[in-house]
Amino acid sequence: MRPLTEDESKAVFTKLANFIGKNLVQLIDRPDEPHCFRLHKDRVYYVSESSMRLATSIARPNLVSLGTCFGKFSKSGVFKLHITALEYLAQYAKYKIWIKPNGEMPFLYGNHVLKAHLGRITEDIPEHQGVVVYNMSDVPLGFGVTARSTIDTRKIDPTAIVVFHQADVGEYLRDEVYFIFTLG
């Protein structure tokens, strides 16, 4: 477990800023206790500083995970957010999209959000912006990237893609073996 390098920090914060914008500051400087990001086996963990200090007494090979896994660096150095970060993304999300009940299952099976499934949308979302996807009961289901801006979304046909799927809570069932053996 080590602190992120400057390049790693830039990659993580750029990805997070795409979803939560200026609320990124609230993620680090929390009123209850300061939190930080740490890297362990190519995975980035969000952990309180007190827990991080306690974990220093555990040898690196014996440490499986610590805090909340926010994502992973690929071998090429690209940072990818995991679904385990959804709780924090939903809490600080700048842009949100709500989908109708008939669109929940297709999204949870890993499909993109179509305009026909769109219930509500935050105003003034630009194209290629990170959004958190909710059901109509305000339960966060996952996150993705907008295919079109809010203005363009109003003009397209019902079968057009509005949000490109990135992660959803259905991954816990589809990739159960991955989460058990790699995230600890």
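**Close-up 1. Ring pairs link F13, F37, Y46, F70 and Y88 into a cluster.** This is a predicted model, and a search of the whole structure finds nine aromatic pairs. Take F70 and Y88: their ring centres are 5.5 Å apart and their planes meet at 35 degrees, so this pair is tilted. F70 belongs to strand β4 (residues 68-73) and Y88 to helix α4 (residues 86-92), so the pair ties together parts that are 18 residues apart in sequence. Are these two residues buried or exposed? F70 is buried, with a relative accessible area of 1%, and Y88 counts as buried too, at 12%.

**Close-up 2. The rings of W98 and Y134 form a stacked pair.** Their centres lie 5.8 Å apart, and the planes are at 25 degrees; being under 30 degrees, the pair counts as stacked. W98 sits in strand β6 and Y134 in strand β9, so the pair joins parts 36 residues apart in sequence. Both W98 and Y134 are buried. Look also for R120, which lies over the face of W98, at 4.1 Å from the ring centre.

**Close-up 3. Six strands make an open sheet with mixed pairing.** Follow the strands in the order β7-β11-β10-β9-β6-β8. The edge strands, β7 (113-114) and β8 (118-121), each pair on one side only. Strands β9 (residues 130-135) and β10 (residues 140-146) pair in the antiparallel sense over five bridges. Here we meet Y134 again: its bridge partner in β10 is P140.

**Close-up 4. Helix α5 (residues 101-108) packs on the sheet.** Helix α5 touches β6 (96-99), β7, β9, β10 and β11, and its direction makes about 80 degrees with that of β10. Helix α1 (residues 6-20) lies across β9, β10 and β11 (161-168), running at about 50 degrees to β9.

Key: Residues are numbered from 1 along each chain as its sequence is written. This is a predicted model: local features need pLDDT of at least 70, side-chain atom pairs count only at pLDDT 80 or more; totals for chains, interfaces and linings use all residues. Side-chain values use heavy atoms; hydrogens and water are left out. Two strands pair if DSSP finds at least two bridges between them. Helices (H or I, at least four residues) and strands (E, at least two) are DSSP runs, numbered from the N terminus. Contact means heavy atoms within 4.5 Å. Axes are lines fitted to C-alpha atoms, for helices over the stretch in contact, and angles run from 0 to 180 degrees between N-to-C directions. Rings of Phe, Tyr and Trp (its six-membered ring) pair if their centres lie within 6.5 Å; planes under 30 degrees apart count as stacked, over 60 as edge-to-face and the rest as tilted. Buried means under 20% relative accessible area, exposed over 50%, partly exposed in between (1.4 Å probe, protein chains only). A charge sits over a ring if NZ of Lys or CZ of Arg is within 6 Å of the ring centre and within 35 degrees of the ring normal.
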